[in-house]
Amino acid sequence: MAAALQILFLRRHFRRERVFRDRTNPLDLYNDGEMIKRYRFPRATVFELIDLVSPMIQTPTRRSMSISTSTQVLTTLRFLAKGDYQSEVGDIHGISTSSASRIIHRVCSAFNSSLSNIQFPGGANLPAVKEGFFKIASFPNVIGAIDGTLIPIQGLSGDDEPSYVCRKGYHAINVQAVVDHKLRFTNVVVRWPGGTHDAFILQQSGLFRHMEASVDNGWLLGDSGYPLKSWLITPLGNPSTPQEVRFQKAHCKTRSTVERSFGVLKQRFRCLHKTGGALSYKPERGTNIIESCFRLHNLALDRNVPLNRDPPLPLLQNNHVFNQQNTAANTLRNEIIQRF
């Protein structure tokens, strides 16, 4: 009996004490400027996001120290903003690395489900969009600028691995996006490996079918990686006449809105840029995170959230040259050139 009591005492004595992590709420510590620097949104917008996704991420638990909705949202925003390792994000918010991984995926899914703010312009919105683009460089009838951008992901293995190696030699997701004159994303396709050609992504997208069916609504501007279409105007290869030069300059200046949008997006969410490392997730989870950043970017524009003042980032583009010619589209482009 005495021996049994002694064994029980030793077990209790050497048993690891349960550790309760410090989960101090940053919302109680930082002002709006400090919150934007660390989480990319002011306190009011963070509270709005918490209320928005709370019904989706609250999970029943028997634990007495469950992770609050605010901690889950802040953990996710911190990861998206800084591109930190999950262990660092977890330490900052008093949670384990495994919990941080589950939380980031869960909250990003909730963002994507609840933020329905990526919508292609149409109907009554078209005149304002066309006017906004026209004010940039006098290019008429433009409803969007299209381009692709590369989002680095961690090295993969398996049969699909080669398809994710982009032309720059690293693993990536190639994201197609359309923006308006306000740098707002109006169409996003987040699913294709980094080695996929921009023109192929466009041809497989719902945007292609939409534009083919509504050619009179307006034009998209794209670079030479896209085919020239009656609704997709690409630059000239070698402009020679004064009119062609003016057309080329106007096209480039107007189309640069999409490149600027990518720059702002990656400046705000460093997890999308190589300076923040690379997304250490399988492509399915990686695309979930990427899409949430696009939706949060649009939310930041809606709330007039200032951009953080970190050093500017170089853009990671996936530029190909598309040589296919389209007679009708060439005729249309020549008519546009005559306006300049």
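1. How many bridges join strand 4 to strand 5? Two bridges join strand 4 (residues 219–221) to strand 5, and these strands run parallel. Two strands are taken to pair if DSSP finds at least two bridges between them. Helices (H or I, at least four residues) and strands (E, at least two) are DSSP runs, numbered from the N terminus. Leu 220 stands opposite Leu 232, a residue of strand 5.

2. The model is predicted: local features need pLDDT of at least 70, side-chain atom pairs count only at pLDDT 80 or more, and totals for chains, interfaces and linings use all residues. Residues are numbered from 1 along each chain as its sequence is written, and side-chain values use heavy atoms, with hydrogens and water left out.

3. The sheet is open and has five strands in the order 3-2-1-4-5, with mixed pairing. Strand 3 (185–193) and strand 5 (232–233) stand at the edges; each has a single partner strand, so one side of each is left without a neighbour in the sheet. Helix 7 (residues 126–137) packs on the sheet, where it touches strand 1 (142–152) and strand 2 (172–179); contact means heavy atoms within 4.5 Å. The direction of helix 7 makes about 75° with that of strand 1. Axes are lines fitted to C-alpha atoms, for helices over the stretch in contact, and angles run from 0 to 180 degrees between N-to-C directions.

4. Glu 244 is found in helix 10 (residues 242–268). Glu 244 counts as buried because its relative accessibility is 19%; buried means under 20% relative accessible area, exposed over 50%, and partly exposed in between (1.4 Å probe, protein chains only). The side chain of Glu 244 reaches the backbone nitrogen of Ser 240 at 2.8 Å. Leaving aside residues up to four places away in sequence, Glu 244 touches Leu 236, Asn 238, Pro 239 and Ile 337.

5. Leu 265 also has its place in helix 10, and is buried, with a relative accessible area of 0%. Among the residues that Leu 265 touches, not counting those up to four places away in sequence, are Phe 185 and His 297. Leu 265 and Arg 184 are 81 residues apart in sequence and 9.9 Å apart in space, C-alpha to C-alpha.

6. In the largest nonpolar core, of 53 residues, Phe 41 and Leu 296 touch the most other members. Such a core is a set of buried Ala, Val, Leu, Ile, Met, Phe, Trp, Tyr and Cys residues joined through side-chain atoms within 4.5 Å.

Notes: Polar contact = N/O pair within 3.5 Å; in protein donor to acceptor, adjacent residues only side chain to side chain.
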